[in-house]
Structure formats: structure tokens, C-alpha cells
Amino acid sequence: MYKKNLFIGVIVVALSLVLVACGSGAGSAPTGVHLTLKAQDIKFDLKEIKAKVNQPVNITFISEGTIEHTFVVVDLGVKETVLPGQKKVITFTPNKTGTFKFVCDVLGHTESGMVGQLIVEP
Ligand SMILES: [Cu+2]
């Protein structure tokens, strides 16, 4: 009787260890960066975005302005346009580390301050 209970106890402990292992595994999976970037007339609400190399960047780009704005990262080949009052999900995966400029390239907007830094870390 004692031996049988011990056996069941070992099984229960083993099962809990398996469950804990699965749980922590899912939590540490690379999921990249998720953020919201708002374009206003005339500025971005974020001046800096941090990302990790080879991990997806997922930006919900919202225009709160009354004119068209863009999100452009020349060095990474990213260019998206958002119309007034609309939003767009932009996804890209930086394949190199460094500090890259993101801008709105609508005529005059970069010069007016629609510019920020995308920092891609190793
Ligand atoms: Cu703009």
C-alpha cells in the first residue's frame, strides 16, 4: 500500500515538472515588438522605437491627422502610407543591427519634425 502511494506520488511530481517546462517554454518564445505609433499634424508620438534583430516588429500605425502620412525606413526597405483617420498594421523584420532613421516622407514633413530613430539591437 505504501509502495503504491509512493509510485503515484512520483508520477504526479513528474507530470507537474512536464507542465512547468511547457509553460516556461511558451513564455520565452521570441515574439518581437508590438507597439502603436500615432501620426499627427505634424509629428509622430514616438521618437524612438527599439527592436531586436531578426525578430518581427509589429506596428499599429494610426493617423490622427487630417492629412496623409507615411512611415518610411529607407535602410530597411519599409514604406507604408496611412490616410487621415485610418490605421494600418505594419510588420517587418529587421535583418541588421544599428540605428536607423524613420520618417514621414510626405513633402516637408521630415523637415517639420516627423522623424525618429529605430534602434535594432542584437
Ligand atoms: Cu507626415
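Mentor: Start with the word contact. Two residues are in contact if their C-beta atoms, placed from the backbone, lie within 7 Å. By that rule K50 touches I119 and E121, not counting residues up to four places away in sequence. Keep in mind that this is a predicted model.

Trainee: What makes K50 count as exposed?

Mentor: Count its neighbours. K50 has 12 C-beta neighbours inside 10 Å. The cut-off for exposed is 12 or fewer. Therefore K50 counts as exposed.

Trainee: Where is the place of K50?

Mentor: K50 belongs to strand β3, residues 48-52. The C-alpha atoms of K50 and V33 are separated by 7.9 Å, and the two are 17 residues apart along the chain.

Trainee: Why does T110 count as partly exposed?

Mentor: T110 has 17 C-beta neighbours inside 10 Å. Buried needs 20 or more, and exposed needs 12 or fewer. The count of 17 falls in between, so T110 counts as partly exposed. Its place is in the loop between β8 (98-103) and β9.

Trainee: Which residues is T110 in contact with, leaving aside its neighbours within four places in sequence?

Mentor: V103, C104, D105 and V115. Also look at I42. T110 and I42 are 68 residues apart in sequence, yet 9.1 Å apart in space, C-alpha to C-alpha.

Trainee: What is the peptide bond from D41 to I42?

Mentor: That bond is cis, with omega near 0 degrees. I42 lies in the loop between β1 (33-40) and β2.

Trainee: What is the phi of N54, and why does N54 count as partly exposed?

Mentor: The phi of N54 is positive, about 60 degrees, although N54 is not a glycine. N54 has 14 C-beta neighbours inside 10 Å. That is between the cut-offs of 12 and 20, so N54 counts as partly exposed. N54 sits in the loop between β3 and β4.

Trainee: How do you know which strands are the edge strands?

Mentor: Four strands form an open sheet in the order β2-β1-β4-β7, with mixed pairing. β2 (43-44) and β7 (87-92) each pair on one side only, and these are the edge strands.

Trainee: How do you know that β4 and β7 pair?

Mentor: Pairing takes at least two bridges. Six bridges join β4 to β7, and the two run antiparallel. I62 stands opposite K87 in β7.

Trainee: Which residues touch the most other members of the largest nonpolar core?

Mentor: That core has 15 residues, and A39, F61, F71, F102 and L118 touch the most other members. β4 (57-63), β5 (69-73) and β9 (115-121) each supply at least two residues of this core. Leaving aside neighbours within four places in sequence, L118 is in contact with I49, A51, V73, F100 and F102.

Trainee: Why would such residues sit together?

Mentor: In soluble globular proteins, nonpolar side chains tend to be buried together.

Trainee: How many helices and strands does the chain have?

Mentor: One helix and nine strands. Of the 122 residues of the chain, 17% count as buried.

Trainee: What is the mean pLDDT of the chain?

Mentor: The mean is 85, and 75% of the residues reach 70 or more. Over residues 6-27 the pLDDT is below 50. Beyond near neighbours in sequence, that stretch has zero contacts in the model.

Conventions: Residues numbered from 1 in each chain as written. Predicted model: local features only at pLDDT ≥ 70, side-chain atom pairs only at ≥ 80, totals over all residues. Core = buried A, V, L, I, M, F, W, Y, C linked by C-beta atoms within 7 Å. pLDDT = per-residue confidence, 0-100.
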